[in-house]
Amino acid sequence: MENIQMTARRDFLKASAAVGGGLTLGMYLPLGAKVAEAQAKTNSPNAWVKIGTDNSITIMCARSEMGQDVYTSMPMLVAEELEVDINKIKVEFAPPAEVYINSLLGGQLTGGSTAVRDAWEKLRKAGASARMMLVGAAAKEWGVDAGQCKAANGTISGPGGKKTTYGAVAEAAAKMEVPKDVPLKPAKEFKIVGNKAQKRLDTPMKVAGTATFGIDVRVPNMLYAAVAMPPMIGGKVQSFDDSRAKNMPGVKAVVQYSRGVAVVAESYWQAKKAKDLLLITWDEGPNANNDMVKVWAGLKDASNQPGAVFREAGDADGAIAGAAKVYEATYELPHLSHSPMEPQNTVADVRADGATIITPTQFQQLVPFVVAGATGLKPEQITVITTFLGGGFGRRVEVDYTIDAAEISKAVGAPVKMVWSREDDMTHDSYRPGGYYKVQMGVDGGGKLVGYRYHGTSPSISSRLFPSIVKDGIDPFAVEAIDNFPYAVPNHKLTYQMHDTGITPGYWRGVSHNLNAYVVEGFIDEVAHAVGKDPIQFRIDNLDYTEEKHKWSGLSAGVAVGGRLKKVLEMVREKSGWGKKYPEGRGQGVAVMEGYNTCLACVAEVSVTKNYDVIVDKVTYAIDAGQLIHPDQAKAQVESCTIFGQSACMYGEITVKNGGVEQTNFDGYRVVRMNEAPKAMDIHWLESNNTPGGLGEPATALVQAAIGNAIFAATGIRVRKMPFTPENIKGSMKA
Amino acid sequence: MMISFNLNGKQASADVAPDTPLLWVLRDTLGMTGTKFGCGKALCGACTVHLNGNAVRSCQTPIGSVAGQKVTTIEGLPANHAVKKAWIALDVPQCGYCQPGQMMQAAALVAQNKKPSDADIDAWMSGNICRCGTYPRIRAAIKDAARMA
Ligand code: FES
Ligand code: FES
């Protein structure tokens, strides 16, 4: 845990963002200099709450809304203690400011399923503190003790029938001293937090079609940009001929920028049509000949390196050598695209005296600094406005597209909306890295697990984006769901070898949980079957029930959580009707994991047709995520993760040829559609008042392992190569 | 070229090249940004609108072919339409980006099928992608909307 929390902060301070086209910006973020402009209003008791003299209440949302419900769940935390009606408040996206930094990540960043975890105490305290100041101001005005006053529903009542509203005392409250001791309600008094009937605050506008995504932004005198970027990863413009493009109707300018050529026109369609007429010669760069043969040969070759040890006990190799039985397997996992439904875009207005960047971003705090680097302006001259995000999934942690838009706006001297096509988006993504995994388990004559070797080889995302969190050859975001290996094997050695495949790696919903959980849970399933044990009971029998601390997977619980995992396994066994007899071609598979301090078990039930098409009939979950803030949307996140994970494991694969990504749209990159989504989903929660765990990501990883194990149960075929296409399933048959 | 058509019950006109997709006329020329761009290739359904009551992909509909006809977008689907009510009741949207297209596609279904089966819904809705995975709620909302409609 320390590793990430302590160094990530420093890291963001020196954020080194390697952006498209090979431009690397290393810079210092002077956070102190950029404290909330948003709190300058006199009627703000603190940076989270604005109270109008008309009694309007605005709660700031400092995380990006990309579907995961922060627009509602974050204000719910504030409102619980502020004592206001959550359904009457307004929500505003916060500008970049130090006060809004995510303490789990060290930056104003939405990711790592941390929003609720970071906010849990902080936002309730913010609400309570504001309420205390409002009550204090009223009490002072009435000349009574604050203890005699009570706040409810935006009003304050005092002795002798005195009554006032938050709006009436807001100005005085803003001048009150910020309370130091801020007691919080016990869980049993929650009225908003945990309310199962609470609706999302953004649904009405999303249903009306009026929610503003980045791509919907319009500013006066705005022009539109369509772009041509190198078809090969790491390519650059060598020269271009715009003689046809620039004479097309509506075209205002054709400009070269760091990573490509932009056509700027009066409308997007005019820009796009003209862009298609550009003739560009590319400098193909270092990856020009990259293809999948090279990618896989490189990964397999690198896997022969010893790698860096991130966890070790006893003598794993010795124990395996001396074991009665040794099981081993290798796993091949592909690169994946984020492909949010809203392609990347940004409205940039770069002027001589400053710039405004309106963008769907997960990392607003970084934007002023990269845009400053690209325009020569100072970070404090740059205003960033965050819109709704049409999906994020980690893609919008990267700020490359804001730099592009700023460069283009600067070049034409006008506000510009740059819109990527789907093809731009899919071929200029940062990709969930692929990986090659080797595992071994030694079992003694009595069936006990005695030795475990895990060796993962995959690209390091953090080495590209936040290198200072990478230490001694280990990227914490490459060893999630394995650093906290949940089984007790006395001799184990877990190693990681980083290897660059020439395919830009990026943080992708669940990050390395997706890689490691599949290998860990797929392989433990193999061992369970090999020793003739029931896969759920075998897991329960072999969980690590000690309290051993884990060093590297910084967003996890940080300690072994065998007891919690056992509970969710028992619950899922009961709820899924585990052990049913199925006809051939149908079966159940289980997987369990702790990620983001959430413990989950999943049983998937699949049918595999004669042609090896997989149908997911049902998924059942048992989840211990601690206290749920917004239960219905906690459920929605699990539904969402399930289908996102299902897309990945059943269809997802990005490949390169001649250095460029081959999949360009949803025909080449298949994702789950209505008819393919699980026929049933059954989600159960362990009652808990524990601190909330993250839910935006973990099920994404887990469901893939459960589906893989269900395919084995249905067919007897162990598929160690994703995705689970008929081809890969058939190909696994002989193995 | 000036092209006129009926948009959400009102006369609208745009002076654009006739091959311009309806999608971009709606979004850029007329400022109606409820209709979304997802793929530009009839692969995702984000841009779905009604043309004379039928669900069509506006990214594949040249404005020239729309002249004199009746277009309905998410902004023109009444607030009390069964689909909108069902979507709100079940909190269907997550990021929300695909939802205007999903709702326009669904509205065309419930207009003609009062009791859509799962198979009907699969067949009708599988051209609309939701990366947030709201399919289970869309399915349930369509059934509710069909009952209300
Ligand atoms: S944008 Fe028209 S179908 Fe995708
Ligand atoms: S709600 Fe996000 S893509 Fe459907």
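Colleague: What makes β1(B) and β2(B) a strand pair?

Modeller: This is a predicted model, and in it β1 (residues 2–7) and β2 (residues 10–15) of chain B are joined by six antiparallel bridges. Pairing takes at least two bridges, so six is enough to call them paired. One position to look at is Phe5(B), which sits opposite Ala12(B) in β2(B). The hairpin has two residues between its strands, and Asn8(B) there has a positive phi near 50°.

Colleague: β1(B) also goes with β5(B). How do you know that this counts as pairing?

Modeller: β5 (residues 70–72) and β1(B) run parallel and share two bridges. The requirement is at least two, so the pair qualifies. Asn6(B) has Lys70(B) as its bridge partner. As for the faces of β1(B), the covered one holds Ile3(B), Phe5(B) and Leu7(B), while Met2(B), Ser4(B) and Asn6(B) make up the uncovered one.

Colleague: Why is helix α1(B) described as largely enclosed?

Modeller: Because seven of the eight residues in α1(B), residues 22–29, are buried. Among them are Leu22(B), Trp24(B) and Arg27(B). Just past the helix, Gly31(B) adopts a positive phi of about 70°.

Colleague: Over to chain A. Why is Glu342(A) called buried?

Modeller: Its relative accessibility is 0%, and buried means under 20%, so Glu342(A) falls in that class. The residue belongs to the loop between β15 (325–333) and β16 (345–351) of chain A. Beyond its sequence neighbours, Glu342(A) touches several residues, including Phe213(A), Arg396(A), Arg422(A) and, from the other chain, Tyr97(B).

Colleague: And what makes Glu342(A) and Asn345(A) a polar contact?

Modeller: Their side chains come to 2.9 Å. The distance limit is 3.5 Å, so 2.9 Å is within it.

Colleague: What makes β11(A) and β18(A) edge strands?

Modeller: The open sheet has seven strands in the order β11-β12-β9-β19-β16-β17-β18, with mixed pairing. β11 (251–257) and β18 (382–386) each pair on one side only. From one strand to the next, the twist averages 20°. Helix α6 (residues 268–275) packs on this sheet, touching β9, β11, β12 and β19, with its direction at about 25° to that of β9(A). Helix α9 (residues 367–375) lies across β16, β17 and β18, at about 135° to β18(A).

Colleague: How do you know that Asp19(B) and Lys273(A) form a salt bridge?

Modeller: The N to O distance between their side chains is 2.9 Å. A salt bridge needs that nitrogen within 4 Å of the carboxyl oxygen, so this pair passes. Between chain A and chain B the count is six salt bridges. There are also 29 residue pairs in polar contact across the two chains. On the chain A side, α16(A) gives the largest share of the residues touching chain B, namely 10.

Colleague: How much area is buried between the chains?

Modeller: About 4,300 Å², with carbon and sulfur atoms giving 58% of that. Val207(A), Met341(A) and Met674(A) supply 20% of what chain A buries against chain B, more than any other three residues. In residues, the contact takes 59 from chain A and 47 from chain B.

Colleague: Back inside chain A: what makes Lys275(A) and Asp276(A) a salt bridge at 3.8 Å?

Modeller: The closest N and O atoms are 3.8 Å apart, and the limit is 4 Å, so the pair still counts. Lys275(A) is buried at 15% relative accessible area, whereas Asp276(A) is partly exposed at 45%.

Colleague: Why does Asp276(A) get "partly exposed"?

Modeller: Exposed means over 50% and buried means under 20%, so 45% puts Asp276(A) in between.

Colleague: And what about Arg259(A) and Asp404(A), how far apart are the closest N and O atoms?

Modeller: Those atoms are 2.8 Å apart. The pair links distant parts of the chain, with Arg259(A) in the loop between β11 and β12 and Asp404(A) in helix α10 (residues 400–412), 145 residues apart. Arg259(A) counts as buried at 6%, and Asp404(A) is buried at 4%.

Note on methods:
Residues numbered from 1 in each chain as written. Chains lettered and ligands numbered in written order. Predicted model: local features only at pLDDT ≥ 70, side-chain atom pairs only at ≥ 80, totals over all residues. Heavy atoms only, no water. Helix = DSSP H or I, 4+ residues; strand = E, 2+ residues; numbered from the N terminus. Buried < 20%, exposed > 50% of the residue type's maximum accessible area, 1.4 Å probe, protein only. Polar contact = N/O pair within 3.5 Å; in protein donor to acceptor, adjacent residues only side chain to side chain. Contact = heavy atoms within 4.5 Å. Axes fitted to C-alpha atoms, helices over the stretch in contact; angles between N-to-C directions. Buried area = accessible area lost by both parts, 1.4 Å probe. Lists of a residue's contacts leave out its neighbours within four places in sequence.
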